[in-house]
Amino acid sequence: MDPKTGLFIHPKATVHTYESRPFKGQLDYWDKEQYIKNMKVEAYYPITVEPFHTWQNIVDFDGRRYLYQYVRRDLKIFDITEPKNVKLLLTRGHTWGANGPDEAEQNPYPEADMFGAASIQWNDKLGKMIMVQSFEIRRFGLLHDKLREPDKVDAIRHAPHLKGFKVYEMNGPLPADWKLLAERTTDVGHPDAPIGKQQGSGVRDIPAYFGGDVMYVSAAPDSSYALTEYGNDLYSAGYQSWDMSDPSNPRFLNQLTVPGQIAFDPVHEAAYKDNPRAGNRTSWMGSRMPLFIPKSAEKGGKYAYAAMGGLGFYVVDISDPKQMKVVSHLNFTPSVAGTEGDFIDVSQVEKTGIVYFSGYPLNEDCFEPYKDVHMIDVSDPVNPKAIGVLPRPTPPKEAKFTDFCQRRGSFGPKRTGYYTQPGTPRDGILPFNFYNAGLQVFDVSDISKPTITAYFVPPFNEDRVAEYARGNLSHSVYVEYDRNLFWLFTNHGFYALSSPVLGEPNLGAPKTPWPVRPSHKKN
């Protein structure tokens, strides 16, 4: 802590660690206060799928709105038609509490199955909802140091589950209503390889699928995509495009690879060694999420944007999905530990020419450089320019600390929501989940002077969260732009929030089904 300014001075570089690193000036207790500006808590639900990270989807069926919250083998389905009266409909896997997860799984998945991070979209050709679930190797809890644990490396190489994706037809809100249409591996060199023999990473995070003829995923197709420093990950993922014109028969189109990804290739290894991160055994290299696409090629879009960790930011031409092409590349100063490039918000780019590029913290107690949200001007796609960063959130005056690093746990940006969310994103508004700083809403209507216009910082809750999971206070925000609601997901449950920055909330049933059906497109 800087005693003159009351601000925390971040280290210049650190190793990745699972241990806490307290410092002088940090609180010696978990702060139970909540802080709020320009927001209202409409409801709170103390139900925890998992305290570290979850995925979410929102889908409408027959006039009712459903929320899926899940991570791998843990799933809960809620009816959120009335935000103040949410109903839990189904649990699979564990429920977490103060002592960790329940001992026994409820309605367990088969041993090699789970709920993969999903994109759910309306498919015009079929006249049905299509869900694509991603299946990737396990990242955490198995391998810690790939250079010293060959048995665990081998276990990941031969993971007893799909490395790829599954396609479902959704005829209703519950799993009993879903029909499996297709299953594919991203090991495109061995498309018929059985479970346990499939190479590569599988599909990382979520698919970029909008219900049309093309899907984009983050994937390393085989073990040669190995040039990454991160100690518990084996793969540097690039991007694949898939033909989804027949959802029951997805066909591989193209693999996009950038310099510095492939081991035993002299050109790639030379590019990798030129990276200042090479050899640090900490940096994440390659993609974690799919391409970020403001408008699909089918609707006239041409450019996508890629966040590739320590490999940097890329502009990609997707006008021909069979031949994706890198248009330009932008490097950033190393910010190690933590993930340096994971997410890109593209909600403003078509009107302002600006995208927002960020990583997120992996260490607690601010034991790593601060993760800025970079503003990048891509109005000239071949010459992107970093033009600034979003302001760092600061505590309100009534808080008993002057910097969020003092509040314990993780502090920094995650994402502005899911890949697609009900309704239309607001011009000039970016709602970032910020871990121990909760939901921070940025006003970027004046790109020369972005500000924080609203926030909700939830309390820490020792009564509902195991001690080892308390630091990951909030991990995701999901926005219903059509009902003017934020959903903030924390390690002790989830909150429904409203704010004037979105407008008056609709606390009743949605007026237009989501995802949008053709008959409702003009509404």
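## Ala208 and its partner

Ala208 has Tyr216 in strand S14 as its bridge partner. Strands here are DSSP runs of E with at least two residues, numbered from the N terminus, and two strands pair if DSSP finds at least two bridges between them. This is a predicted model, in which local features need pLDDT of at least 70 and side-chain atom pairs count only at pLDDT 80 or more, while totals for chains, interfaces and linings use all residues. Residues are numbered from 1 along each chain as its sequence is written, and side-chain values use heavy atoms, leaving out hydrogens and water.

## Strand S14 and its neighbours

S13 (residues 204-209) runs antiparallel to S14, joined by 3 bridges. Their hairpin has 4 residues between the strands, and Gly211 takes a positive phi near 95° there. S14 also runs antiparallel to S15 (residues 238-243), with 6 bridges joining them; Met215 stands opposite Trp242 in S15.

Because 6 of the 6 residues of S14 (residues 214-219) are buried, this strand is largely enclosed by the rest of the structure. Buried means under 20% relative accessible area with a 1.4 Å probe, protein chains only. Val214, Tyr216 and Ser218 are buried on one side, and Met215, Val217 and Ala219 on the other.

## The nonpolar cores

A nonpolar core is a set of buried Ala, Val, Leu, Ile, Met, Phe, Trp, Tyr and Cys residues joined through side-chain atoms within 4.5 Å. The largest has 96 residues, of which Tyr68, Leu291, Phe313 and Trp487 touch the most other members. Apart from it lies another core of 15 residues, including Ile429 and Leu502.

Leu291 touches, among others, Ala208, Tyr216 and Tyr239, leaving aside residues up to four places away in sequence; contact means heavy atoms within 4.5 Å.

Key
Buried means under 20% relative accessible area, exposed over 50%, partly exposed in between (1.4 Å probe, protein chains only).
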